[in-house]
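Dear colleague,

I am handing over the structure below, together with an account of what was found in it. Please have the sequence and the model open side by side as you read.

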Amino acid sequence: MENQELINRLSSIKSLPTLPVVADNVIKLTQNPDSTAFEIAEAISLDQSLASKVLKTANSAYYGFPRKINTINYAIVVLGLNNIKNIVLSTSIMGQFPKKNQNLLFDRKDFWKHSLLCGIIAKKISEHVGIKNSEEMFMCGLLHDFGKLILDTFFQEEFVCALQMAEKNQLTVMEAENRVFGFNHSGVGALLLRKWSLPPSLVKSVEFHHNPEETPNVFRTASIVHVSDYLCRRIGIGNSGGTVLPELNKKSFKLVDLTSDQIKELTLQIKKEFKTATEFLYEGETDDDKTP
Ligand SMILES: [Fe+2]
Ligand SMILES: [Fe+2]
């Protein structure tokens, strides 16, 4: 059951972000098995700026396609619908929030680095445990802490309070948020993503990424995000606020079935992939902004 206080607070926001219409259409089309690649390409092309960002990301080293991808249609053919859906969704969501902000305790570039890394790890772990649609797991990882961005955007004063409290009392950010707001970023992110009609498994994995055992139906997905988040913090690229590492859920860790050697190997691969994934992060910025 959703926290009433959370619902009230979010309803009090006059300009709550909405998913851009084109992105919304594309997501709906990709969920409909009768849609054709041509229809989806046409929907993306209605927004020229989105279309060029999709092409730029599709041509990035992360996807490593050897030939130049010049059209959205071709991008769908070579990268597949799920990857294109991810690019559209991540570009549309990131584009709504400025990467520079006033809150010195919450660096948004570091936040997106943490999020992107978590997405990459979640995809890798999904492949390891044999999940077919590992691309959807990338989005679950990418958006797991999305609620923090909402708190930082709309309730910054209290969010800063929570971050300071976490630091001072050695709490996790989630614990401090619970004390300050009476809810935390997991619920905030899930509520907004649910409003945007994103897939229920994605929404649940965001909602329960700190306590996967509380969602038996989506335990596997939430566990993968939970472990990815933990590994992310251990690897130390990016930062999502706070210094106290949330506790690792043992059942979730057992489920992902990784030996310490596999974790070492995975960490090496992930660091390499992360370097190639920067088009997701620096879209629309000048080279000067692309500080490592
Ligand atoms: Fe979190
Ligand atoms: Fe996180």
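Two residues are said to be in contact, or to pack against each other, if their C-beta atoms, placed from the backbone, lie within 7 Å. Please also keep in mind throughout that this is a predicted model.

To begin with the chain as a whole, its secondary structure comes to 17 helices and zero strands. The C-alpha atoms fill a box of roughly 55 × 50 × 45 Å along the principal axes, and the radius of gyration is 18 Å, which agrees with the value near 19 Å that a compact globule of 292 residues would have. Buried residues make up 42% of the 292 residues, and, of the contacts with a separation of 6 or more, 63% are between residues 24 or more positions apart.

The domain assignment divides the protein chain into domain 1, residues 18-96, and domain 2, residues 99-289, and the C-alpha centres of these two domains lie 23 Å apart. The contact between them takes 14 residues from domain 1 and 14 residues from domain 2. On the side of domain 1 that touches domain 2, the elements that give two or more residues are H4 and H6, and H6 gives the most, with seven residues. By class, that side of domain 1 has five nonpolar, seven polar and two charged residues.

Finally, I would point you to alanine 58, which lies in helix H4. Leaving aside residues up to four places away in sequence, alanine 58 touches Tyr63, Ile69, Ala75, Leu79 and Ile87. The C-alpha atoms of alanine 58 and isoleucine 72 are separated by 9.1 Å, although these residues are 14 residues apart along the chain.

With best wishes

Terms used: Residues are numbered from 1 along each chain as its sequence is written. Chains are lettered from A and ligands numbered from 1 in the order in which they are written. This is a predicted model: local features need pLDDT of at least 70, side-chain atom pairs count only at pLDDT 80 or more; totals for chains, interfaces and linings use all residues. Domain bounds come from an automatic or database domain assignment. Helices (H or I, at least four residues) and strands (E, at least two) are DSSP runs, numbered from the N terminus. Ala, Val, Leu, Ile, Met, Phe, Trp, Tyr, Cys and Pro count as nonpolar, Asp, Glu, Lys and Arg as charged, and the others, Gly among them, as polar. The radius of gyration is taken over C-alpha atoms; the globule rule is 2.2 Å times the number of residues to the power 0.38. A residue is buried if 20 or more other C-beta atoms lie within 10 Å of its own, exposed if 12 or fewer, and partly exposed in between; C-beta atoms are placed from the backbone.
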